[in-house]
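Have the viewer open as you read.

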Amino acid sequence: MTTPGEVTTAEPMAPEQHPMSRFLREDRMPHIWCSSCGLGTTLTCFIMAVVESGIDPKDMAVISGIGCTGRVAGYLNFDSFHTTHGRAIPFATGLALANPDLRVVVYSGDGDLVAIGGNHFIHAARRNMDILCVCVNNFTYGMTGGQAGPTTPITAKATTAPYGSYEYPFNIPYLAVASGANYVARWTALHMRRLKNSFREAINKKGFRVIEIISPCPTAFARKNRLGTGLDVLKYYHANSIIQHGADPKDADIEMGGKIIVGKFLDVDRPCYRDYVTESISRQLGGK
Amino acid sequence: MAEDRRVLTGEHFLNGDHACAEGAMAAGCKFFGGYPITPSSEIAERMSERLPEVGGIYLQMEDELASMNAILGAAWGGWKSMTCTSGPGFSLMMENLGLGVVLETPCVLVNIQRGGPSTGLPTLVGQADMMQARWGSHGDYEIIALAPNSPQEMFDLTYKAFDLSERYRVPTLVMSDECVGHMSEKVVIPPAGKMPEVQRKYTTKKPGEYLPFDHPAGGVAPMVKAGDGYNIHVTGLTHDERGYPVINAEAQDVMVRHLIDKINKNRDDIIDVEEIDVEGADVIIVSYGISSRTCYRALDMAKEEGLKVGMFRLVTVWPFPEEQVRELAKRVKAFVVVELNFGQIYYEVERCACGNAATYLVPHAGGDIHDPADILAALKEAAK
């Protein structure tokens, strides 16, 4: 302890390197995300999971589409690809097939993955392509100013739904399970430890894996729906999330003001696309 | 074993679509992502059988948006890749053709043109996507497009398209048509030793020194592939030489100029044309693809009638051989442009003629090829 005016002889402490700096493109900071947005938290969990799993970052590639979450690829210091709106999954598909040694992660938002990219999402799941698909769901198009989308809960307000949304939203875990994914989990940005564990578990699996993360958008969705600050939204998650591993995903709809069922819905080891390619070709063409 | 199967050496009776697939195989294509559409599906079918023989993968995508993206992803994974399509599929690929242009990603896109607009004539010929090939994706850029007029050229020019796409790091288009795709003719494929796999140039620089989007003196940077340890960042946003987004007018100017210059400054290397009896001609036919085959007949008919006519066939359509047309315009009376549309390349010829030669069009809506008699009539009119 020093008191004002006291002269200290101790060497000034060297600025400590941030423990995650080697995984981040620090030359791209500051990031564009709003204060109390959940995206930074999800990225922290992801990096912690990569560290714990002992994977060399050079063996991973991250692909994003467009939107706030789409910026993840620009901040992670992996081989990273920021593609067009909705197209991260097909880009990742080509990448994963050309280099099977890579662990390929798609990290994007709800609008990107299940609206404009919805067709790619269900087909990659159907093929059980070797991709970990992280979907950060903030119920809105944040980057473009808070328009309604396919995950906006019915009655929720948005800049293009001033009278409240009239549409039923997608239930992403149910969609992923029905489409053929190998692993499906949902957490909120509040569930850091569980989210990190889920990332670690999913990184080490094969086939199409989906982790949905419910995340606050304080600037657009929360403000338009008078949900308070990002912290208020996290308090809401704390009070209303129900951890229910193995829940039937069809019961996991999200409604305004309702409970949010989180946990691991599915964890199976159905052979993935490449397993079928390898087995079939070696059987029919003699391992050419 | 895989190397033995790469090149289908020998003399074959092949349709244009199959010859195209064999050209891609010879070039070393390892990935095909596509969506079935008439009249290009035979390329996909052939690739689905051939690629597994060399350890490659055919993947039928959910649509053409996915197809175009998948081949870009495969290219960054280190494989040479291609897709093919027709009609509406070409429109769907435009979004991510632009991504490929901005990511400077080598790959090949084959369009077996059919009659349009919209669903149009799925089984019948057209050549009305030529301007879409040039300008179809939003924004400013230059592209390379080749126009084969025989199954032999479907083989040769598909192989060449892979080579050009690697050397200039640009998606390269093979703008064929239903007639050339479906006609069967002799195709001669050299031995594998004479058809080396098209090579990608990879950087020898260390991580930290390497700039994936550098543009040394009108050229392109060598590539790396994901997993090489360079931690590259690649974005469809306007970016600097590192690949980092920079959203301002200065960065936009540097990047877009580079995308244009790397093609335009190498036009002499890229452009290929076929000239027939151009010296001393009064009238010159300009044509490409299946229409140029009809023009061969019209040339003979015109010569029988004593007309001094020649032909300037576009093997490379984009970049357009403007200097050659500009020079020819000073020496001839007129150009007659023959294409299956109501004027696309015609306007390029007219632009480059600079008023020095008249420019005539023999239009055709597609669904059939020209009648040589109509071309002859235009030649006579132009020679007056």
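Between which helix and which strand of chain A is Asn128(A) found? Asn128(A) sits in the loop that runs from helix H5 (118-127) to strand S4 (132-137) of chain A. Bear in mind that this is a predicted model.

## Around Asn128(A)

Set aside the neighbours within four places in sequence, and Asn128(A) is in contact with Gly180(A), Asn182(A), Gly207(A), Phe208(A), Arg270(A), Cys272(A) and Tyr273(A). Asn197(A), for its part, is 69 residues away from Asn128(A) in sequence, and the C-alpha to C-alpha distance between the two is 22 Å.

## Chain A as a whole

Zooming out, chain A has ten helices and eight strands. Its radius of gyration is 20 Å, close to the 19 Å that the globule rule gives for 288 residues, so chain A is as compact as a globular protein of that length. Along the principal axes, the C-alpha trace of chain A spans about 80 × 55 × 35 Å.

Of the 288 residues in chain A, 52% count as buried. As for contacts in chain A between residues at least 6 apart in sequence, 67% of them join residues at least 24 apart.

## Where chain A meets chain B

The contact draws 33 residues from chain A and 41 residues from chain B. On the chain A side, the elements giving two or more residues are strand S2 (79-82), helix H3 (88-98), H5 and helix H10 (273-285). H3(A) supplies the largest share of that side, with eight residues. Sorted by class, the side of chain A that touches chain B has 13 nonpolar, twelve polar and eight charged residues.

There's strand pairing across the two chains as well: S2(A) and strand S10 (residues 233-235) of chain B run parallel, joined by three bridges. Ser80(A) has His233(B) as its bridge partner in S10(B).

## The nonpolar core

Which residues have the most contacts inside the largest nonpolar core? They are Ile63(A), Leu95(A), Ile131(A) and Val336(B), in a core of 208 residues. Helix H4 (residues 64-76) of chain B gives the most to this core, with nine residues.

Beyond four places in sequence, its contacts in chain A are Ala61(A), Ile63(A), Leu102(A) and Val104(A). From chain B, Leu95(A) is in contact with Gly73(B), Ala74(B), Trp76(B), Gly77(B) and Ala226(B).

Note on methods:
Residues numbered from 1 in each chain as written. Chains lettered and ligands numbered in written order. Predicted model: local features only at pLDDT ≥ 70, side-chain atom pairs only at ≥ 80, totals over all residues. Helix = DSSP H or I, 4+ residues; strand = E, 2+ residues; numbered from the N terminus. Contact = placed C-beta atoms within 7 Å. Rg over C-alpha atoms; globule rule 2.2 N^0.38 Å. Buried ≥ 20, exposed ≤ 12 C-beta atoms within 10 Å, placed from the backbone. Nonpolar A, V, L, I, M, F, W, Y, C, P; charged D, E, K, R; others polar. Pairing = 2+ DSSP bridges. Core = buried A, V, L, I, M, F, W, Y, C linked by C-beta atoms within 7 Å.
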